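Let's take a walk through a protein model, one piece at a time. Have a look at the picture first, then read on.

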Amino acid sequence: MKKDKGVAVPNPNTPEEDISDSSLPPVRFSTRNASSKYDFVKVKVWLGDNADHYYVLSRFLLSRMLTVTKIPNHVAIKIALELKKLLIDNSLLDVSQSDLEANLFKLMERRGYGQEYINRYRMMTRFHHQRVPLVILVCGTACVGKSTIATQLAQRLNLPNVLQTDMVYELLRTSTDAPLASTPVWAREFSSSEELITEFCRQCRIVRKGLAGDLKKAMKDGKPIIIEGIHLDPSIYLMDDDSKLSTNMTTKVEEPNSLSVKSDDNTAKVMENNFENACARQSKNSNDASENTKAEDKISADQVDKVSDFLESINLTGHVSKNKGEAVKDPETDTNPPAGKEKSVAEPIIVPIVLKMAEFDHKALLEEWISTRTFSDKCLLQDKDKLISNLKTIQDYLCSFKSQGLTVVNISATTFPQTLDWLHSYLLQCIEQGISSKSSESSRQAET
């Protein structure tokens, strides 16, 4: 069929006899479509020993997976397109996962992304297959870049779940009778630094209870989650080697049906117990434990649990469940579904990170930020030095856990891209160590 090069659009107000003499150039409509056949033709990738199930190849998800391996985003998009073109042009519309990866790795090597990137891709594929829970904590005081770092890491690692403790704090404060003040802890007057840290730790434990629903879901589904905010006390989440439970338990999981709900709930309980016991390290201020416990006793447990369930149902990570208890499908895990039917109660990978900024830069940012804030106690605004001093006390407390193995990262505007690259590599290393320990446990189980 012959394509029209252009169509002249007459002016309805122009007399019919003048249309042919119009000096206006004809309006040309492009015949090129923004999309191509590579967007519409489906490529099925078959999985399993018997190739009994498949997923449809997605260029977007593939490019995101390549970005995780530290391939630049614009290159990852080109590689994903090249792969789909290669398959479609050669009529390979039904391929196995191994054949797909073989062609993908050749394209990666052709662009200069060799074995190092291929190993990262395979490692992340195993991570999604094993469904090891991953909890990344981005701690720090105000104006150190927690939200920016958390958002950037979520994009780089293709992690859709980012929670903000500020939002959880406000929901708990307004929805329960928990003793939480509208004025931030660092904007209040305290007689000593110990009293400030005691109150800070108490509020962090209350927020931790509010996060229980989201953490339970992460443990149950084996999905990664990033939590960022000032209300994070690393001592609540740090791993305690003396309290780790054995994770040699495995639960048979049937095909999804109405009978498997009970089994999933039992698995979730075991996972939650593992997480609670693994994160049971006491605070550095153990002498104030009795005082903190008395303050926490005022909290209505039922109301906190209700808000926690509410946080889980609305899913602050950006997804909304249609029905309560309905699992939200993760496109990345759909791309690589587990091949086996045995589901291990995996020990979670918990990575706490404390962000710290140079005192001079931090003070300048804080002064500018505080001037734009409105607090319930107006007189506090007159003593900015006291506010900054309180924040420094909290920062020193958070950084004190460095001696226990916690990672403290120095943030600077001039070296921010390099810091982000380092964090990307560091988290990949933590994931690799986590799944390696899980694989060694599985091998020991097989030998016994």
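Let's start with cysteine 143, which counts as partly exposed because its relative accessibility is 24%; buried means under 20% relative accessible area, exposed over 50% and partly exposed in between, using a 1.4 Å probe and protein chains only. Before going further, keep in mind that this is a predicted model, where local features need pLDDT of at least 70, side-chain atom pairs count only at pLDDT 80 or more, and totals for chains, interfaces and linings use all residues. Residues are numbered from 1 along each chain as its sequence is written, and side-chain values use heavy atoms, with hydrogens and water left out.

Cysteine 143 sits in the loop between β4 and α6. Helices (H or I, at least four residues) and strands (E, at least two) are DSSP runs numbered from the N terminus.

Arginine 131 is found in the loop between α5 (115-130) and β4.

Now for the sheet. Five strands make an open sheet with parallel pairing, in the order β5-β6-β4-β9-β10; two strands pair if DSSP finds at least two bridges between them. At the edges you'll find β5 (162-164) and β10 (407-411), each pairing on one side only. Further in, β4 (residues 134-139) and β9 (residues 349-357) run parallel and are joined by six bridges. One to look for: valine 135 has isoleucine 350 in β9 as its bridge partner. Helix α6 (residues 146-156) packs on this sheet and touches β4, β5, β6 (224-228), β9 and β10, where contact means heavy atoms within 4.5 Å.

In the loop between α6 and β5 is asparagine 161. Is it buried or exposed? Asparagine 161 is buried, because its relative accessible area is 12%. A polar atom of its side chain lies 3.0 Å from the backbone oxygen of proline 224.

Finally, the inside. In soluble globular proteins, nonpolar side chains tend to be buried together. The largest nonpolar core has 58 residues, and Leu66, Ile71, Leu104, Met108 and Ile353 touch the most other members. Such a core is a set of buried Ala, Val, Leu, Ile, Met, Phe, Trp, Tyr and Cys residues joined through side-chain atoms within 4.5 Å. Helix α17 (residues 416-447) gives the largest share of this core, eight residues. Apart from it lies another core of 45 residues, including Trp186 and Leu398.

Note on methods:
Axes are lines fitted to C-alpha atoms, for helices over the stretch in contact, and angles run from 0 to 180 degrees between N-to-C directions. A polar contact is a pair of N or O atoms within 3.5 Å; within protein, one must be able to donate a hydrogen and the other to accept it, and residues adjacent in sequence count only if both atoms are side-chain atoms.
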